[in-house]
Amino acid sequence: MEAFPEEPLSLSATGGFGYFPADINQTLSEGRYTIVRKLGWGPRSSTWLVTEEDDDWILYRAVQIFTAASSKEVESRLLPILERDIRYADPSTVPNFEANFRETSVHGEHLCLVMIPYGLPFSDVLQDAKSRRAGLPVHVVQFTTSEIVEVLAGPGLHDEKLMHAGIKLENLVLAADTDGNCLQTHISEHPPAKTQIIDGLPVVRSQPLANYMVKWNDPMRWVVDCWMLVLAGFGHTQEPPYTPESSFDYSSAPETLLENPTCGLSTDIWMLGCLIFHLLTGSPLLTSTGTPSERLGGIRDVLQDWIPSSWLGDATVQALSNEDTATQSLEQRLKQNLTKDEASAAYRFLRKCLVIDPAGRTSSRDLIIRGDEWVREGAQCSCGFK
């Protein structure tokens, strides 16, 4: 049997899957929306570009359709958060959730979220930069840092005690030009690929919107005036009491590696630090393989940091090996890719995020209020040219 090129459509909800088998021109929500393109898919959902007719206007929206296996959990845990809190966040920097409905397929019932569509993954920009250098220019990373910190500290997230839990490269995306005429032209110039039929199910390949693009070497003025970044990936957002999801990687945040793991707002700050290192150097700081003890030991050696005394009774900590003095430190790795001054500034910021003890990490609010140099320079740039 031919394999599915993207999400495994034939796997059932009882096995933890149950993706919605959608097709181009299919209608949703009793005919209100019509599918015109597949934008992408992930571990628990697929996302589709749809049209909605409003009088004489054609509106474009994105519909995220969750698997039958995850829909009930998302509806009970995540949907109230999106409706109560995330809708008050800045719609230019996070997905703007507008409505929800349900659809039924051969796998069962699916929760569907309607939002403003966004565009290409930011990882494309980093990949382009890596053809010429290790990572992105420092001014680009500072601007990106400022945008993310503003989202975390702004209305709807950390001020409401909400943990984003998805501060990763894969969840940082570019905006899309959502003007109806522009989108219509883009779609006519780049029509969807022909639907395949595999195992009796329609198979559509993803085509992210690419009608808004940037260049990794854009000067600061262009970055500030033109770049529109969106922090997506709210699928694992939590409110207190926070509980780590066992199958989810929080960028190896130390508290999530313990035998009795925890997570919280400071976990977002850790993930931010890991993301910024990746953008600066073009490579992840830490590995996601190995036992929890091996990973925690690697973190200790890279950061040259202490294990909190309150953790000493945890089995993961007790299984730690001796320090490996041959491991390159965070500062050494930065100096391999940046100038001396750039590495020094980046290191000072990252050591406010990458602290083994969650209590020692600087909050998103304090990163702004206390005028962190790295964030302040990014914020000043984003205000100074406008």
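**The largest cavity and its surroundings**

Mentor: The lining of the largest cavity comprises six nonpolar, two polar and one charged residues (nonpolar: Ala, Val, Leu, Ile, Met, Phe, Trp, Tyr, Cys and Pro; charged: Asp, Glu, Lys and Arg; polar: the others, Gly among them). The model is predicted: local features need pLDDT of at least 70 and side-chain atom pairs 80 or more, while totals for chains, interfaces and linings use all residues. Numbering starts from 1 along each chain as its sequence is written, and side-chain values use heavy atoms, without hydrogens or water.

The volume of the largest cavity is about 50 Å³ (a cavity is a set of points on a 1 Å grid where a 1.4 Å probe fits but cannot get out; lining residues have an atom within 4 Å of a point). Its lining consists of T93, T144, E147, I148, V151, L172, L229, V230 and L231. Two elements, α3 and β11 (229–231), each give two or more residues to this lining (DSSP runs: helices H or I, at least four residues; strands E, at least two). With four residues, α3 contributes the most.

Helix α3 (residues 138–153) also packs against helix α6 (residues 265–281), at an angle of about 160° and with the axes 10 Å apart. That angle makes α3 roughly antiparallel to α6 (over 145 degrees). On the α3 side, the contact involves V138, V141, T144, T145, I148, V149 and L152 (heavy atoms within 4.5 Å). On the α6 side, D268, L272, L275, I276, L279 and L280 take part. The contact residues of the two helices divide into 10 nonpolar, two polar and one charged.

P5, E6, E7, L9, K38, V203 and V204 line the second largest cavity, and by class they are four nonpolar, no polar and three charged residues.

The largest pocket, by contrast, is an open set of points with protein on both sides within 12 Å along at least five of seven lines. The volume of the largest pocket is about 1100 Å³. Its lining has 39 residues, with W41, G42, P43, E170 and N171 nearest its centre. The lining residues of the largest pocket comprise 22 nonpolar, 12 polar and five charged.

Notes:
Axes are lines fitted to C-alpha atoms, for helices over the stretch in contact, and angles run from 0 to 180 degrees between N-to-C directions. Angles under 35 degrees count as roughly parallel, over 145 as roughly antiparallel, 65 to 115 as roughly perpendicular and the rest as oblique. Grid points are joined across faces, edges and corners, and a volume is the space filled by probe spheres set on the points.
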